[in-house]
Amino acid sequence: MSAETEVLIAGAGPTGLVLAIDLTRRGIRHRLVERDGRGFPGSRGTGIQPRSLEVMDDLGTVAALLASGGPVPPMQTWEGTERMREWELVEPGDPSPGVPYPHVLMCPQWRTVEVLYARLEELGGRVDFNTELVGFTQDEDGDEDGAGVTAELRHADGTVETVRAAYLVAADGGRSTVRKALGVPFEVEAVDARPALIADVRMTGFEQAGIDRDHWHMWPTAPGGLIGLRPLEASADTVQIMAFWSDTAYEPQPERDAAPEALARLIAERTGLTGLVPEETVWASSFRPKAGMAERFRTGRVFLAGDAAHIHSPAGGQGLNTSVQDAYNLGWKLGAVLRHGAPDALLDTYDAERMRVAADVLALSTRMHTQDRTLGVERGLSRRGKETHQLTLGYRTGPLARELRRGLPEGADSSEDVLRAGDRAPDAPCTDASGAPFSLFDAFRGPHFTLLDLTGSDAEGEPAAAAVADVEWVRTYRIGGAAPDLIDAGGHAKAAYGTGLFLVRPDGYVGLATDDAADVRAYLAEVSGTGAVPEIRP
């Protein structure tokens, strides 16, 4: 049998689900296939960074995630059976009007995935479980249906389905079948020679052992290597066990070393505590931390996203967050091409923007892992700074950033304190014309561009709004001046943005900053296909 769709997504982890949610709300026909059954195993990536929480806000999942998770627990360092010191692993964020979610949220990845499943289904989408992508070809000439990808999907009963799609997105993990089939080089380097084991374990005996559920317990100088115990959110009795072996020749095997009786011995040998009883191992993974990135994220009509494009050390909680934002970057661009007449070249900007971000994040997580080994002997892990929050990641030097304001202060082009095109668009509390609270994030929420008019102009005719009056995909908000749409009583929007016109992309970054409404029209013509489309700058 055969079927047709616009976007085929292989892999229903966080990356594939975020992309599917975004495409669903844009009305893009897609198929999301997952070779395994429903029920994502394990805690895996547990830290959701502030920037990712903003993405989840836009997608309509942040409330459920906040209800499921909690803050990063304070670290409790032990030596044997003696508590030593308490400290904070993550530098706290700075609550401000521009940052509605300043702190990292801890939530097991299995729960994050379930929240994303539920949102996709709420929007009318679904996942084809037990369906594996087993092969594909792509063409540029195409047939009567145009250029595209022809893929073969194998179902649980052994039947094979042929699917024709305009684009294929590989979100199928670090061992990506799609990436290997494309032959895209994927250079991997060892971050740590020590073998590691992570396991989610249902456990009893906390009180008898003197272990509370309010801390992340760490034995950095334990005999044989570091061990940590962290009670997991969204579960009353499950603990994540993390252990490294100082013997680099040792090869832990989850089925052997994560058996309850083996874990009981490991805990007793390394901590000296008695009373803790591992009852059931829910999930386990053994690995040696590595880092790697694909040579390119786009090959014709096929895109790599998430772990298929880059793998990280778990240090700093960057992997899941970078993956989610890959999907968020790609989703609106696919929508622009498939629904708004944008040129195919717009999709090249996914590769250009996300490869640079991925390289920077890989360097950060590798550096933190190295610090854990060399500087964190007493603590077990080194402190994570605000750079892990991902709020300062942006696309200033990317192909879609247009900074055209004429009156910027000298040196503002390199200042981190002055908002520039390519930067994350900050939030600001305002009120609407009726006096009801309405933040800028309320204005951004949804699959559209947002034009913020902060010129303060009292001129009749509202030239900025007139420039996009016939553009369905843009919403305009006048802040200040005559008859404003939003009232910035506290001056927070003005303080965050300054003066000018700011066109905010659907993924929450400032695409264009200008003083001239004519630039808005030209930018939209270039990026989203509302007029004659010049070549997008490299």
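Start by selecting helix 2, residues 50-59; helices here are DSSP runs of H or I with at least four residues, strands are E runs of at least two, and both are numbered from the N terminus. How many of its 10 residues are buried? The count is 10 of 10, where buried means under 20% relative accessible area, exposed over 50% and partly exposed in between, with a 1.4 Å probe and protein chains only. Charged side chains are on the list too, including R51, E54, D57 and D58. Step to G60, which follows helix 2 and has a positive phi, near 85°.

A word on the model: it is predicted, with local features needing pLDDT of at least 70 and side-chain atom pairs counting only at pLDDT 80 or more, while totals for chains, interfaces and linings use all residues. Residues are numbered from 1 along each chain as its sequence is written, and side-chain values use heavy atoms, leaving out hydrogens and water.

Strand 3 pairs with strand 7 (residues 105-106) over 2 bridges, in the antiparallel sense. Zoom in on G47 to find M106 of strand 7 opposite.

Now colour the largest nonpolar core, a group of 93 residues. Such a core is a set of buried Ala, Val, Leu, Ile, Met, Phe, Trp, Tyr and Cys residues joined through side-chain atoms within 4.5 Å. L133, F136, L334 and F449 have the most contacts inside the core, and helix 9 (residues 319-339) brings the largest share, 9 residues. A second, separate core has 22 residues, including I241, L266, L273 and L276.

Finish at the second largest pocket, which is lined by 42 residues. Which of them lie nearest its centre? Select L391, T392, E416, D423 and R424. Helix 10 (348-374) and helix 13 (492-497) each supply at least two lining residues, and helix 10 gives the most, with 7.

Methods:
On a 1 Å grid over the protein atoms alone, a cavity is a set of points where a 1.4 Å probe fits but cannot get out, and a pocket is an open set with protein on both sides within 12 Å along at least five of seven lines; lining residues have an atom within 4 Å of a point. Two strands pair if DSSP finds at least two bridges between them.
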